[in-house]
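Please keep the sequence and the model in view while reading.

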Amino acid sequence: MKTFCFMAQQPVMFFFKPGQFVTLELEIEGQQVMRSYTISSSPSVPYSFSITVKRVPGGEVSNWLHDNMAVGAELAVYGPVGQFNCIDFPAERVLFLSGGVGITPLMSMSRWLFDTNAEVDITFIHSARSPRDVIYPRELDHMAARLDNFGLYLIVERMENGLPWQGYRGYLDESKLEMISPDFMEREIFCCGPAPYMKAVKNLLMARGFDMSHYHEESFGETPAAVVEDAMEQAEVAQAEADAVNQEDLLRIDFLNSGKSIQVLAGETLHNAAAKLDLMIPKACGMGICGTCKVLVKEGQTQMDHNGGITEEDIEAGYVLSCCTVPKSDVVLEY
């Protein structure tokens, strides 16, 4: 694990909500790469922000950051954005559930609540593969020791020779959750971790009849293999349909700033249309989560199917996420 701390070229205050993320723009082997990382620091340290990155086998961006980022390095950052935060969902009692590197947004929340001496009862359950894989152990212990309303509970899948362990072993299940947080049904729950971990948590909560309007989760990861395979199959079908396109069915998209235009089918996203014109709209997740690809619609009708990456205020102002928005008429974009 490495933590990278960023400041602006000219000192400015960064305003973000604990749990939000930023998207980094990097150049790796001559290719532009965008990747989103949760801010792990607290907005109580206003002139900088930090991300914590785990090196993983074959991880293009994580390994590049570990091997190349040094003091003085400069890069473009988009954001912060994200609906997953503890400001928009205030509560007197919260339950933080994290698995692996998914601890980073919950660490930002914990640091904020600690630094502001918030009157919030916190139960923090973190799951790791082994004692050596627990992230931020000293700081977590420090917060738990200093605050009476901060309960820290660690669970590891397996033990390691020579390392003492007094915490829980195995996986987070209903019996452990009942034992650690018997009032979990009355708490606001924030969860982040690998997809299987979050799926198990959601299944557990829904089986108990938990009100899921009080459950919040965040995750970023690789596109599942099944989705990739399905996309390839759909691409073949799309190509066959494209060969039989009626020109009258095409819609025109104009990009004001660049002066470029293109005709596309009604089901094609605005982002794909821009890419065909070599216009690079920044994008990280491609699923309407990160909010990086936001553009302003000046004229025309569109349909957006997002996953929380844009606010109601932006939508009312005419903004859309280009990765998950398709035209319903001729459209003019400010880009």
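The points below are grouped by topic.

The model is predicted. A search of the whole structure finds zero disulfides. The largest nonpolar core holds 26 residues, and another core, of 20 residues, lies apart from that one. The second largest pocket has a volume of about 490 Å³.

**The largest nonpolar core**

- Among the 26 residues of this core, those that touch the most other members are Phe 96, Phe 124, Leu 140, Phe 150 and Phe 190.
- Two or more residues each are given to this core by strand 6 (93-99), helix 2 (103-115), strand 7 (121-128), helix 3 (137-146), strand 8 (150-156) and strand 10 (188-192).
- Helix 2 provides the largest share, five residues.
- Beyond its neighbours within four places in sequence, Phe 96 is in contact with Leu 106, Met 109, Ser 110, Leu 113, Ile 122, Thr 123, Phe 124, Ile 125 and Phe 190.
- In soluble globular proteins, nonpolar side chains tend to be buried together.

**A separate core and the cysteines**

- The core of 20 residues that lies apart from the largest one includes Val 264, Leu 277, Cys 293 and Leu 333.
- Cys 293 is buried, because its relative accessibility is 2%, under the 20% cut-off.
- A disulfide is a covalent bond between the sulfur atoms of two cysteines.
- Cys 324 counts as buried, at 12% relative accessibility.

**The second largest pocket**

- This pocket, with a volume of about 490 Å³, is lined by 22 residues, of which Phe 6, Met 7, Ala 8, Ala 73 and Leu 75 are the closest to its centre.
- Strand 1 (2-6) and strand 5 (76-81) each supply at least two residues of the lining.
- Strand 5 gives the most, with four residues.
- By residue type, the lining divides into 18 nonpolar, three polar and one charged.

**Helix 1 and strand 4**

- Which residues of helix 1 (residues 60-68) are buried? They are Val 61, Ser 62, Asn 63, Leu 65 and His 66.
- These buried residues of helix 1 pack against strand 1, strand 2 (21-28), strand 3 (31-38) and strand 4.
- Ser 50 belongs to strand 4 (residues 49-53) and is buried, with a relative accessible area of 10%.
- Setting aside neighbours within four places in sequence, Ser 50 is in contact with Thr 3, Phe 4, Cys 5, Thr 38, Ile 39, Ser 40 and Ser 41.

- Ser 127 is placed in strand 7 and counts as buried, at 13% relative accessibility.
- Pro 196 is found in helix 5 (residues 195-207) and is exposed, with a relative accessible area of 61%.
- Pro 196 and Gly 99 are 97 residues apart in sequence, and their C-alpha atoms are 9.8 Å apart in space.

**Positive phi angles in loops**

- Although Glu 29 is not a glycine, it has a positive phi of about 55°.
- Glu 29 lies in the loop between strand 2 and strand 3.
- Is Glu 29 buried or exposed? Glu 29 is exposed, with a relative accessible area of 79%.
- Asp 278, a residue other than glycine, also has a positive phi, near 65°.
- The loop that holds Asp 278 runs between helix 7 (270-276) and strand 14 (294-299).
- Asp 278 counts as exposed, at 70% relative accessibility.

Technical notes
Residues are numbered from 1 along each chain as its sequence is written. This is a predicted model: local features need pLDDT of at least 70, side-chain atom pairs count only at pLDDT 80 or more; totals for chains, interfaces and linings use all residues. Side-chain values use heavy atoms; hydrogens and water are left out. A disulfide is a pair of cysteine sulfur atoms within 2.5 Å. Buried means under 20% relative accessible area, exposed over 50%, partly exposed in between (1.4 Å probe, protein chains only). On a 1 Å grid over the protein atoms alone, a cavity is a set of points where a 1.4 Å probe fits but cannot get out, and a pocket is an open set with protein on both sides within 12 Å along at least five of seven lines; lining residues have an atom within 4 Å of a point. Grid points are joined across faces, edges and corners, and a volume is the space filled by probe spheres set on the points. Ala, Val, Leu, Ile, Met, Phe, Trp, Tyr, Cys and Pro count as nonpolar, Asp, Glu, Lys and Arg as charged, and the others, Gly among them, as polar. A nonpolar core is a set of buried Ala, Val, Leu, Ile, Met, Phe, Trp, Tyr and Cys residues joined through side-chain atoms within 4.5 Å. Contact means heavy atoms within 4.5 Å.
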